Amino acid sequence: MSRFKSDFLRTLDERGFIHQISDEAGLDELFAKETVTAYIGFDPTAPSLHAGGLIQIMMLHWMQQTGHRPISLMGGGTGMVGDPSFKDDARQLMTIDTIESNIASIKRVFANYLSYGEGAKDAMMINNGDWLRDINYLEFLRDVGRHFSVNRMLSFDSVKTRLDREQSLSFLEFNYMILQAYDFVELNKRYGCRLQMGGSDQWGNIVNGIDLGHRMGTPQLYALTSPLLTTASGAKMGKSLNGAVWLNPDMLSAYDFWQYWRNTEDADVSRFLKLYTTLPMDEIARLSALAGSEINEVKKILATEVTAMLHGRENAEQAAETARKTFEEGALADNLPSIDVAKSELEAGIGLLALIVKAGLAASNGEARRHVQGGAVRINDVAISDERKIIGSGEVTADGVIKLSLGKKKHILVRPA
Ligand SMILES: N[C@@H](Cc1ccc(O)cc1)C(=O)O
């Protein structure tokens, strides 16, 4: 049983999106009883978001799926300042031209996850430059600035490390919190927005908005943050060895995007299926149970599902197909070392450990067994966990070979001779 009664929070909870909520019971009540408008802000620091931002987009997606109204807010105003939260250094200032062109480019991918329009449940794309750029300084200080206590602003974790390390925090950056707080109040006034979501690094900024709302007479506002995600080995989400995993198709092909997900670490597969696909939970449970022997097949499903949402199903399936061909061609390529095994021997069947030793991938059966137990051995790219497995003619692929792999780099083609 879920601790939530609203579809939205139950879904977010079971799929692993929730880090912190400002008033759990109150927010659940609200979602259970009315159509809620909520927003997430995105600053245009690059021409595209990367896979790290996908969790935010997915939260907006689930809002709409469960009957509520999401706002994707582009930071045309806040982007002129730059959020210092948990950042070691000030960001380089962007020109208005860069900000505008980044926004135009970032915007494009949202339509793949949300349906925009004028109706009561249609998503809205809004730019905070619409109100922030016209602010009159003295009026703003008197109407909004007076509600902020500098003492309290200095106490937030998001700026504390900078201050503790005595790294400079410019007055420009220090104002960011106030602008984001003002956005929340403004979105409430304009569109009845009650909830702001974001990554856990946004907590301070969001809570400041709730407080400002109290002082400026909005109804109760709420905060919901998602966990800051890292992969099982501790890497930041959305960064690969080849650089950022961009969402915009002109910055990263569907194929490379697919590959990023295909390379998911074993321990992350189930978590990522919940966060980044819309597969039903019982289907995810079934796939997670297969994770032992068929984990590579499950990773391909993960990759295809995540890619299908962003690039369309056809492109995703094409990426999967290209990957399959590349693998096969790789297996066929004669530059992979090979060993011959007598046909008769294969027909009778040869033990996995003996084959590993024969292929020179281990010096002894004991060493071979440790490789298998460590999950490092694959036959035709499928991980094998049963050390007693008998390898026979059945394993010979259409290409006439068996591909035996140890880890990611060592491959031996076994040729029946
Ligand atoms: N500060 C957010 C972006 C944002 C901008 C404006 C807002 O009103 C809300 C959020 C970030 O850096 O990710």
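Trainee: How much area do domain 1 and domain 2 bury between them?
Mentor: This is a predicted model, in which local features need pLDDT of at least 70 and side-chain atom pairs count only at pLDDT 80 or more, while totals for chains, interfaces and linings use all residues. Residues are numbered from 1 along each chain as its sequence is written, and side-chain values use heavy atoms, leaving out hydrogens and water. Domain 1 covers 7-232 and domain 2 covers 253-331, with bounds from an automatic or database domain assignment. Taking buried area as the accessible area (1.4 Å probe) that two parts lose on being put together, summed over both, 61% lies on carbon and sulfur atoms and the total is about 1500 Å².

Trainee: Is Tyr39 buried or exposed?
Mentor: Tyr39 touches Ile71, Leu73 and Phe184, among others. Buried means under 20% relative accessible area, exposed over 50%, partly exposed in between (1.4 Å probe, protein chains only). Tyr39 has 1%, so Tyr39 is buried.

Trainee: Which side chain does a polar contact of 3.0 Å join to that of Tyr39?
Mentor: Such a contact is a pair of N or O atoms within 3.5 Å; within protein, one must be able to donate a hydrogen and the other to accept it, and residues adjacent in sequence count only if both atoms are side-chain atoms. Gln180, itself buried at 7%, touches both Tyr39 and Gln196. The polar partner of Tyr39 is Gln196.

Notes: Contact = heavy atoms within 4.5 Å. Lists of a residue's contacts leave out its neighbours within four places in sequence.
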